[in-house]
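Here are my notes on this model, as numbered points. Please read them with the structure open.

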Amino acid sequence: MKKWLLAAGLGLAMVTSAQAADKIAIVNMNSLFQQVAQTTGVSKTLENEFKGRASELQSQENDLQGKMQRLQRDGSTMKASDRSKLEKDVMSQRQAFSQKAQAFEQDRARRSNEERGKLVNRIQSAVKKVAADEGIDLVVDANTVAYNSSDVKDITADVLKQVK
């Protein structure tokens, strides 16, 4: 009986809190993130930042593939000492390439996350400003809402203007 009363009390509290939020709006965060990322050129910036390392890795990979093909093609006809030397060279170069590639991917992922965080902060600040300016009590991501009536205002366009 106590559990039932507790559940009823919680339900009543939830209804009361939902009624307290008089003005509710939705915002499409995915759309905002994509549009802001495109307009600010974040992907181009990151691409330019890592272009040199990417081309270096590509040339190192091409060199390594050439040596591996040479070893496969000519390995049976090479002197044992030359073949052994080439095998050791390929193994050390493969290991060095693997380490550089892993470090490159980690650095690129870290920078991408940093830039993504900056964009999210800008968008969140803009959402707060638009909500405050329009007297909105609650803003919900449109992608997490199962249903909304036509009465609920979509502030995505206003937020996009604020971010730009």
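1. Helices α2 and α4 cross in the right-handed sense; that label means the near helix is turned clockwise from the far one by less than a right angle, and left-handed means anticlockwise. Their axes lie 10 Å apart, at an angle of about 120°. Axes here are lines fitted to C-alpha atoms, for helices over the stretch in contact, and angles run from 0 to 180 degrees between N-to-C directions. The two helices are therefore oblique to each other. The scale is: under 35 degrees roughly parallel, over 145 roughly antiparallel, 65 to 115 roughly perpendicular, the rest oblique.

2. Who makes this contact? From α2 come Met29, Leu32, Phe33, Val36, Ala37 and Thr40, and from α4 come Arg116, Leu119, Val120, Arg122, Ile123 and Val127. Contact means heavy atoms within 4.5 Å. By class, the contact of α2 with α4 has nine nonpolar residues, one polar and two charged. Ala, Val, Leu, Ile, Met, Phe, Trp, Tyr, Cys and Pro count as nonpolar, Asp, Glu, Lys and Arg as charged, and the others, Gly among them, as polar.

3. A word on the basis. The model is predicted: local features need pLDDT of at least 70, side-chain atom pairs count only at pLDDT 80 or more, and totals for chains, interfaces and linings use all residues. Residues are numbered from 1 along each chain as its sequence is written, and side-chain values use heavy atoms, with hydrogens and water left out. Helices (H or I, at least four residues) and strands (E, at least two) are DSSP runs, numbered from the N terminus.

4. Helix α2 spans residues 29–40 and includes glutamine 35. Is glutamine 35 buried, partly exposed or exposed? Its relative accessibility is 31%, so glutamine 35 counts as partly exposed. Buried means under 20% relative accessible area, exposed over 50%, partly exposed in between (1.4 Å probe, protein chains only). Glutamine 35 is 125 residues from leucine 160 in sequence, yet their C-alpha atoms are 8.1 Å apart.

5. Next, α3 and α4. Helix α3 (residues 42–74) packs on helix α4 (residues 80–134) at about 165°, axes 10 Å apart. That makes the pair roughly antiparallel. The crossing of α3 and α4 is left-handed. Their contact has 16 nonpolar, three polar and 16 charged residues.

6. Glutamine 60 sits in α3. Its relative accessible area is 14%, so glutamine 60 is buried. Leaving out residues up to four places away in sequence, glutamine 60 touches Gln93, Ala96, Phe97 and Lys100.

7. Helix α5 (residues 156–163) also packs on α4, at an angle of about 120° and with axes 9 Å apart. That makes α4 oblique to α5. The crossing of α4 and α5 is right-handed. On α4 the contact uses Arg122, Ile123, Ala126, Val127, Lys129, Val130 and Glu134; on α5, Asp158, Val159, Gln162 and Val163. The classes are six nonpolar, one polar and four charged.

8. Last, the sheet. What is the strand order? The open sheet runs β2-β1-β3, with parallel pairing. Strands β2 (138–141) and β3 (153–154) are the edges, each pairing on one side only. Two strands pair if DSSP finds at least two bridges between them. β1 and β2 share four bridges, while β1 (residues 24–27) and β3 share two. Valine 27 stands opposite aspartate 141 in β2. Isoleucine 26 has aspartate 154 of β3 as its bridge partner.
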